[in-house]
Amino acid sequence: MATSKEYLHFVLDQFSGLGEVTHRAMMGEYVLYYRQKVIGGIYDNRVLVKPTPSAKALMPEAREEIPYEGAKVMLMVERLEDLEFLRTLLEAMYEELPQPKPKKKKKP
């Protein structure tokens with residue numbers, strides 16, 4: 001089951017107050033970015049984030065979920081209507097996430 005447009009819009013609306021949260025469609029699902037770093041995604045109407053140490057500490061009760069077959073385990077975010085929690089989560093995760101890979105230059 002792919003993520004519905006309604007759920008995508010709901011999630012993006014929740015994150016809209018945080019600024020610098022963007023998304024990119026990928027095979028019927030969506031990758032989420034915070035300040036250009038991948039934080040997780042929206043998979044089958046679930047918001048999943050990378051299991052960084054701070055994400056685990058802020059969500060000790062979070063269910064571990066696999067976004068799709070063959071993927072690494074991620075943490076499910078359930079407190080989507082708590083803007084301050086989302087802000088705290090993203091800020092804490094940001095420093096622990098790798099820098100985006102430089103884009104390859106196109107050959108002339």
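Colleague: In the hairpin of β1 and β2, which residue takes a positive phi?

Modeller: Happy to start there, bearing in mind that this is a predicted model. Six bridges join β1 and β2, and the two strands run antiparallel. Their hairpin leaves two residues between the strands, and the one with a positive phi, near 50 degrees, is Met27.

Colleague: And which residue takes a positive phi in the hairpin of β2 and β3?

Modeller: β2 and β3 also run antiparallel, joined by five bridges. Two residues lie between the strands in this hairpin, and the positive phi near 50 degrees belongs to Arg35.

Colleague: Nice. Which residue in β3 does Tyr33 stand opposite?

Modeller: Tyr33 belongs to β2, where Thr22 stands opposite it. Turning to β3, the residue opposite Tyr33 is Val38.

Colleague: Is β2 largely enclosed by the rest of the structure or open, and why?

Modeller: Let's take its two faces in turn. Glu29, Val31 and Tyr33 are buried on one side, and Tyr30, Leu32 and Tyr34 are buried on the other. That makes six of six residues buried, so β2 is largely enclosed by the rest of the structure.

Colleague: Which strand gives the most to the lining of the largest pocket?

Modeller: The largest pocket has a volume of about 480 Å³. It has 19 lining residues, and those closest to its centre are Met26, Val31, Tyr43, Pro67 and Tyr68. β1, β2 and β3 each supply at least two residues of the lining. With four residues, the top contributor is β2.

Colleague: How many residues of that lining are nonpolar, by class?

Modeller: One residue of the largest pocket's lining is polar and five are charged. That leaves the nonpolar class, with a count of 13.

Colleague: What is the volume of the second largest pocket?

Modeller: Its lining is made of Tyr33, Gln36, Pro100, Lys101 and Lys103. By class, these divide into two nonpolar, one polar and two charged residues. The volume of this second largest pocket is about 200 Å³.

Colleague: Good to know! Which element supplies the largest share of the largest nonpolar core?

Modeller: The core holds 26 residues, of which Phe15, Ile42, Val47, Met59 and Val77 touch the most other members. At least two residues each come from α1, β2, β3, β4 and α3. The largest share, six residues, comes from α3.

How values were computed: Residues numbered from 1 in each chain as written. Predicted model: local features only at pLDDT ≥ 70, side-chain atom pairs only at ≥ 80, totals over all residues. Heavy atoms only, no water. 1 Å grid on protein atoms, 1.4 Å probe; cavity = no way out; pocket = protein on both sides within 12 Å on 5 of 7 lines; lining within 4 Å. Points joined across faces, edges and corners; volume = space filled by probe spheres on them. Nonpolar A, V, L, I, M, F, W, Y, C, P; charged D, E, K, R; others polar. Core = buried A, V, L, I, M, F, W, Y, C linked by side-chain atoms within 4.5 Å. Buried < 20%, exposed > 50% of the residue type's maximum accessible area, 1.4 Å probe, protein only. Pairing = 2+ DSSP bridges.
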